[in-house]
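User: I am new to this structure and would like to go through it step by step. Could you show it to me, please?

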Amino acid sequence: MADARTTTLAAKPPGFLARALDSDVWASFTRSKLTMAAAAVTILFFAAALLAGLVSPQDPFNPAELELINSRLPPIWDAEGQRPFMLGTDDQGRDMLSAILYGLRISLLVGFMGVAFAATLGITLGLLAGYLGGVTDTLIMRIADVQLTFPAILIALLVDGVAKSVLGGHLDPATTLSVLVFSIGLSFWVQYARTVRGSVLVEKNKDYVAAARLIGLPAPVIMARHVLPNVLGPVLVIATINLALAIITEATLSFLGSGMPDTMPSLGTLIRIGNNYLFSGEWWIVAFPGIALALLVLAINLVGDWLRDALNPRLR
Amino acid sequence: MPLDRGLRAFYGTRPEGEAAFLASKIAVSRNKSPASQSRGLPAENDRMLKRSLLLAATAAAFLSATALGAGAATVRYANQGDLKSLDPYTLNETTTNAHLGNVYEGLTSRGKDLAIGPGLAERWEMLEGGKRWMFYLRKGVKFHNGNDFTADDVLFSADRVRAQGSNFLTRVPKDAKFTKVDDYTVEVTLPTPNPIMHYQWDTWYIMDKEWAEQNNATAPTPASAQTPGHAALNTNGTGPFRIESHQPGVRTVFKANPTWWNDAKKEHNITEVIFTPIGNDATRVAALLSGEVDIIEPVPIQDIARINASPNARTLTGPEVRTIFLSFDQVRDELLSSNVKGKNPFKDKRVREAFYKAIDIETIKSRVMRNLATPSALMIAPEFFPLSKEFTRPKYDPDGAKKLLAEAGYPNGFEVGMNCPTDRYVNDGEICQAAVGMLARVGIKINPIFEPKAQYFAKVLKAGGYQTSFYLLGWTPGTGDPHNVLYDIMGCRDNPQSTRGESNLGGYCNKKLDELTDKILVEADASKRTGMIAEAFKIGNEDFGYIPLHQQALAWGVSKKFSIPQRADNEILFYWARKE
């Protein structure tokens with residue numbers, strides 16, 4: 001939480017990189033091996049997802065590349081395993097490794113976009129509620145309270161169901177993706193709104209806000225230029241932890257059958273497909289996407305935990 | 001729907017078990033909070049703990065008592081699909097017909113070997129070569145609400161089954177005239193002879209006129225109906241079971257009917273059947289293996305070995321007489337979902353032939369069906385047609401398919417939507433996905449519209465306006481005779497006055513085939529008739545109106561304590577079931 005005043009008063013601020021490497025946050029990062037490992041895994045996953053098109057031996061979303069004759073092959077170390085299917089294939093002859101890489105891409109895309117949507121919505125509403133107070137505050141916060149009484153996954157399912165029936169039952173993959181982002185965003189905004197509102201209540205009585213008001217700046221400018229940068233610290237922590245939650249929510253929705261279709265699977269869809277073969281000994285169809293999902297969420301959560309501790313002044 | 005299924009997959013399926021589990025959880029959590037509050041007061045703590053344990057035990061005992069209270073003769077049945085409507089004229093689908101066959105009865109019945117026998121009609125006479133029929137009704141039969149079964153109910157049912165919105169229009173010929181001779185005799189007259197009129201009357205279920213009128217249910221519920229009527233949620237049949245409660249998508253409870261006319265000679269010892277849909281394959285198998293359900297249909301073919309190896313369950317398998325096939329919209333001038341505008345590519349025979357040749361049936365058989373399917377060149381199972389061996393499928397030939405598409409003016413293929421049910425036939429969703437891949441290799445981009453059967457049937461059937469461009473369907477002729485396939489599936493549907501082609505979702509039409517079909521209906525000479533049937537199927541095959549895929553195998557999973565005859569039409573009928 002860089003204070004606006006210190007930066008403006010410093011005679012010649014050092015460069016960003018120098019400041020970052022000199023900070024407490026970086027120090028606490030280099031002290032924790034676990035965090036460094038988690039960050040490495042997270043970056044690896046992100047890179048794998050970004051480069052899926054280059055790395056993977058097959059495009060699992062292109063039905064023309066799937067050969068049914070290659071279906072249900074075990075991983076390469078098994079006697080019946082075949083190249084180039086490192087982690088085996090699913091019931092349609094889809095290479096599991098490629099499917100996981102492409103699935104990661106969808107999971108991360110939905111996660112990031114969902115979080116961005118939730119954060120934008122939550123921050124805006126939180127700022128308005130905190131700064132304006134009165135009826136606006138009461139209205140927004142009561143809606144938030146009501147929504148907090150439901151688990152996020154239920155809200156997501158509800159939004160998803162309503163959106164689908166409004167849009168007319170069957171959707172193409174791109175629309176499904178947008179609906180997923182929308183439903184995840186709507187189910188997670190409350191946390192942002194509440195946190196931001198709390199910080200705004202503290203900030204708005206500080207002198208720099210009073211000064212800004214005194215020189216006659218309009219309320220929207222004060223909110224956006226002066227208050228917002230000072231309340232973003234906690235939001236960053238929530239966003240990181242929410243990213244893991246959003247990925248899990250997307251996987252749950254897909255597992256339940258209301259997310260990505262079988263022809264364009266995300267990690268959750270792959271787990272649902274694999275679940276059908278649990279009893280028949282074809283364990284790799286469910287195991288590998290499951291492991292990938294667990295690792296990804298664990299790594300992001302560890303990074304988020306570290307960020308929370310590092311940014312919490314009381315724990316320093 | 002998928003949400004529902006998924007949630008059940010998550011939480012398991014057995015309602016009693018779930019309730020007991022939840023009750024004990026609640027009890028435990030109630031136990032926790034007082035205990036933590038009264039830390040340091042051991043006596044108080046202990047008392048609270050005991051009380052809540054008692055509560056948990058009582059709750060569990062109570063719930064298991066209700067579960068066991070119905071006795072050993074409670075059968076739990078799980079199917080992959082739901083029972084959408086209780087109205088016996090809404091959906092002509094084997095699973096639905098079988099469910100309702102426990103509750104309703106037809107004038108005729110079919111035995112374990114599918115032989116036709118008396119039902120609500122004790123006997124009947126065919127007169128004038130099939131132009132006039134006399135049905136003598138069984139006396140002393142009562143509907144579940146106590147009303148007597150009489151000729152009026154037959155006349156009423158004959159009108160209702162042929163009314164708009166019914167999915168059973170071909171069950172009773174449109175021009176058949178029903179006359180009440182007396183309370184227990186019905187005369188049926190036809191303008192043209194129909195010697196096989198009663199062949200599928202075992203699933204034309206007779207409804208109570210008075211009950212339907214009282215409950216404003218004289219019109220059939222269409223499959224596309226958004227709000228179910230009284231008859232879609234309640235039943236009043238004459239059969240061995242009555243439906244005690246019905247929660248669509250959750251569970252349906254059938255109770256034995258002690259006032260059934262044949263109760264004295266009944267073969268079953270079942271007092272209650274609890275039906276739950278379990279969409280997820282693994283969950284359904286787990287429920288059978290753990291003894292939570294007594295019978296599942298279908299067994300996912302990948303799990304047959306696993307079930308046979310278990311100590312308390314086994315599988316019943318056999319060939320099914322159902323033919324799974326693909327077909328196309330051949331009627332509309334522009335397809336509903338395609339990037340080809342202004343024309344319908346499926347009106348071109350070369351395109352249909354290309355689709356046929358792009359499907360690698362042997363790989364579907366070995367990889368998707370794990371060899372539990374018989375590839376078919378015909379729209380009918382060999383059990384119903386002796387000459388079926390003389391027909392062969394055109395060879396799998398993707399290059400030839402590409403060439404044909406290029407000749408037809410689609411060198412780069414085109415896009416088309418495909419409707420496919422995901423919980424109706426064995427591995428239906430997987431078959432469609434495999435077809436998507438195979439067609440992609442010849443340049444056809446399929447936009448999958450794969451849905452649970454409730455949504456699927458609401459769109460593609462007559463009641464939904466045949467909203468499909470390319471679809472997968474399975475068909476078992478209810479009559480056990482090729483005429484049914486030629487009339488219901490392959491007949492032209494261009495005459496709105498006729499019921500011909502009612503389930504011809506793509507509207508394939510060849511007048512020569514229709515002419516033969518009408519001759520086949522009245523032909524008495526068996527070998528001549530078989531020859532005409534062969535000729536009709538040959539016309540259909542040469543037109544490439546359909547892509548027959550295979551006859552699937554029946555696979556039921558049953559508990560070793562439970563026995564039930566497996567009928568080749570895949571109907572699970574509990575009036576022959578026994579449980580130890």
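User: What are the helix content and the end-to-end distance over residues 235-256 of chain A?
Analyst: Over residues 235-256 of chain A, 95% of the chain is helix and 0% is strand, with the end C-alpha atoms 30 Å apart. Helices (H or I, at least four residues) and strands (E, at least two) are DSSP runs, numbered from the N terminus. This is a predicted model, in which local features need pLDDT of at least 70 and side-chain atom pairs count only at pLDDT 80 or more, while totals for chains, interfaces and linings use all residues. Residues are numbered from 1 along each chain as its sequence is written, and chains are lettered from A and ligands numbered from 1 in the order in which they are written.

User: And what about residues 283-307 of chain A?
Analyst: There the chain is 96% helix and 0% strand, and 36 Å lie between the end C-alpha atoms.

User: Which residues of chain A does the "transmembrane region" annotation cover?
Analyst: According to the unreviewed UniProt entry, the annotation covers residues 34-55, 106-133, 139-159, 171-190, 235-256 and 283-307 of chain A. UniProt positions are given in the numbering used here, feature names are shortened, and annotations may be inferred rather than shown by experiment.

User: How many helices and strands are in chain A?
Analyst: Chain A has 13 helices and 0 strands. Its C-alpha atoms fill a box of roughly 75 × 50 × 30 Å along the principal axes. Of its 316 residues, 44% count as buried; a residue is buried if 20 or more other C-beta atoms lie within 10 Å of its own, exposed if 12 or fewer, and partly exposed in between, with C-beta atoms placed from the backbone.

User: How many residues of chain A are in contact with chain B?
Analyst: The contact involves 26 residues of chain A and 29 residues of chain B. Two residues are in contact if their C-beta atoms, placed from the backbone, lie within 7 Å. On the chain A side there are 12 nonpolar, 11 polar and 3 charged residues. Here Ala, Val, Leu, Ile, Met, Phe, Trp, Tyr, Cys and Pro count as nonpolar, Asp, Glu, Lys and Arg as charged, and the others, Gly among them, as polar.

User: Moving to chain B, into which domains is it divided?
Analyst: Chain B is divided into domain 1 (13-69), domain 2 (79-294 + 561-579) and domain 3 (320-553). These bounds come from an automatic or database domain assignment. The centres of domain 2 and domain 3 of chain B, taken over C-alpha atoms, are separated by 29 Å. Their contact takes 26 residues from domain 2 of chain B and 26 residues from domain 3 of chain B. The side of domain 2 of chain B that touches domain 3 of chain B has 10 nonpolar, 12 polar and 4 charged residues.

User: In what order do the strands S4, S5, S6 and S7 of chain B form their sheet?
Analyst: These 4 strands form an open sheet in the order S4-S5-S7-S6, with antiparallel pairing. Two strands pair if DSSP finds at least two bridges between them. The edge strands, S4 (121-127) and S6 (177-182) of chain B, each pair on one side only. From one strand to the next the twist averages 20°.

User: What packs on that sheet?
Analyst: Helix H5 (residues 151-161) of chain B does, touching S5, S6 and S7 of chain B, and its direction makes about 175° with that of S6(B). Axes are lines fitted to C-alpha atoms, for helices over the stretch in contact, and angles run from 0 to 180 degrees between N-to-C directions.

User: How many residues lie between S6(B) and S7(B) in their hairpin?
Analyst: There are 2 residues between them. S6(B) and S7(B) pair over 5 bridges, and B:Phe178 has B:Val188 in S7(B) as its bridge partner.

User: How many residues of helix H14 of chain B are buried?
Analyst: In H14 (residues 453-460) of chain B, 8 of the 8 residues are buried. Among them are B:Tyr456 and B:Phe457. Their cover includes strands S14 (415-421), S15 (445-451) and S16 (470-475) of chain B.

User: Finally, why does B:Ala555 count as buried?
Analyst: B:Ala555 counts as buried because it has 23 C-beta neighbours inside 10 Å. B:Ala555 is found in strand S17 (residues 546-559) of chain B. Not counting residues up to four places away in sequence, B:Ala555 touches B:Pro298, B:Val299, B:Ile301, B:Ile304, B:Thr315 and B:Thr317.
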